[in-house]
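Have the structure open as you read.

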Amino acid sequence: MANLRDIKRRIESVKSTKQITNAMKMVAASKLRRAQDRIIAARPYANYVDLMLRTIKKKNRNTNHALIAGNGDKREILVVVTADKGLCGSFNSNIIKEAKNYLDENPDTAVICLGRKAEEEMKKISDNIIASYIGLFNEMKFTESADISQLLLDLYLEKGYGKIKVLYNEFKSAIQQNLIFKQILPIETNDSDIVSEIDFIYEPDEHSIIDELGKKFVNVDIWRIMLESSAAEQGARMTAMESATDNANDLISSLSLQYNRERQAVITTEIIEISSGAGAINE
């Protein structure tokens with residue numbers, strides 16, 4: 001009987017866990033729909049500003065603006081973007097693993113953490129953490145991403161850091177995220193970029209245009225990265241909780257089968273004992 005009670009207690013425990021994971025899946029699905037709409041709306045503008053700057057850089061190879069040509073400093077900053085919470089599969093662990101590998105090869109790199117998980121893990125491996133931001137993904141305000149962008153611009157233009165790179169998860173679909181490691185400053189070109197042969201006329205001047213577009217690009221790109229990471233996080237959490245719910249159902253079925261077998265064995269034993277006792281009395 002003790003074994004039956006243990007199995008029944010475990011079934012009830014798994015059922016409670018299943019209710020939690022199922023609720024978390026529904027919440028993540030609801031948040032994912034909103035996050036997906038926001039990132040789809042933000043991508044075209046961010047992509048076009050990026051394309052404009054890459055085109056300007058390819059057409060003006062002699063420009064000396066720091067946002068395009070670089071500032072000559074070799075120091076780097078790595079921005080690590082994770083979630084504040086867990087229970088989202090390998091979403092955080094993939095980012096942390098890639099960041100650790102990069103910092104092992106480049107130990108002098110400064111780090112900026114976006115997300116609690118990034119802060120917790122980076123503290124274990126780096127003594128050069130410039131800033132940490134926690135709770136960014138609760139309400140997703142552009143003003144907060146603008147503060148981060150301004151910090152990056154100040155570090156690049158005034159503090160002498162030569163490269164700023166970002167490591168984050170890009171939203172692909174509800175069941176797939178792409179790990180992206182890219183440089184945002186100085187702005188890089190792609191070999192696939194097609195450059196128009198038409199000359200540009202800059203008003204008021206080339207330096208002012210690059211300065212304005214470059215700062216706008218950093219603002220928009222950091223905002224986009226936050227939106228990408230938020231949508232990817234909710235997709236990863238929804239998938240993880242759905243898998244956990246399915247596993248709970250399988251475990252409940254297995255335990256229920258075991259419980260029924262044990263109970264049948266107990267009943268059979270009791271019937272045999274009663275029959276044996278009745279036979280002994282009749283004799």
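Setting aside neighbours within four places in sequence, Val-79 is in contact (heavy atoms within 4.5 Å) with Ile-112, Leu-114, Leu-152, Ile-164, Lys-165, Val-166 and Leu-167. This is a predicted model, in which local features need pLDDT of at least 70 and side-chain atom pairs count only at pLDDT 80 or more, while totals for chains, interfaces and linings use all residues. Residues are numbered from 1 along each chain as its sequence is written, and side-chain values use heavy atoms, leaving out hydrogens and water.

Now zoom out to the nonpolar cores, that is, sets of buried Ala, Val, Leu, Ile, Met, Phe, Trp, Tyr and Cys residues joined through side-chain atoms within 4.5 Å; buried means under 20% relative accessible area and exposed over 50%, with partly exposed in between (1.4 Å probe, protein chains only). The largest has 51 residues, and Val-79 and Leu-185 have the most contacts inside it. Helix 6 gives the most to this core, with 13 residues; helices (H or I, at least four residues) and strands (E, at least two) are DSSP runs numbered from the N terminus. A second, separate core of 12 residues includes Leu-78, Val-80, Tyr-102 and Leu-167.

Next, look at helix 5, where Ser-145, Ile-148, Ser-149, Leu-152, Leu-153, Leu-155 and Tyr-156 are buried. Seen down the helix axis, the directions to the C-beta atoms of these buried residues fall within an arc of 165°, so they line one face of helix 5. The face turned away from that buried side carries the exposed residues Thr-143 and Asp-147.
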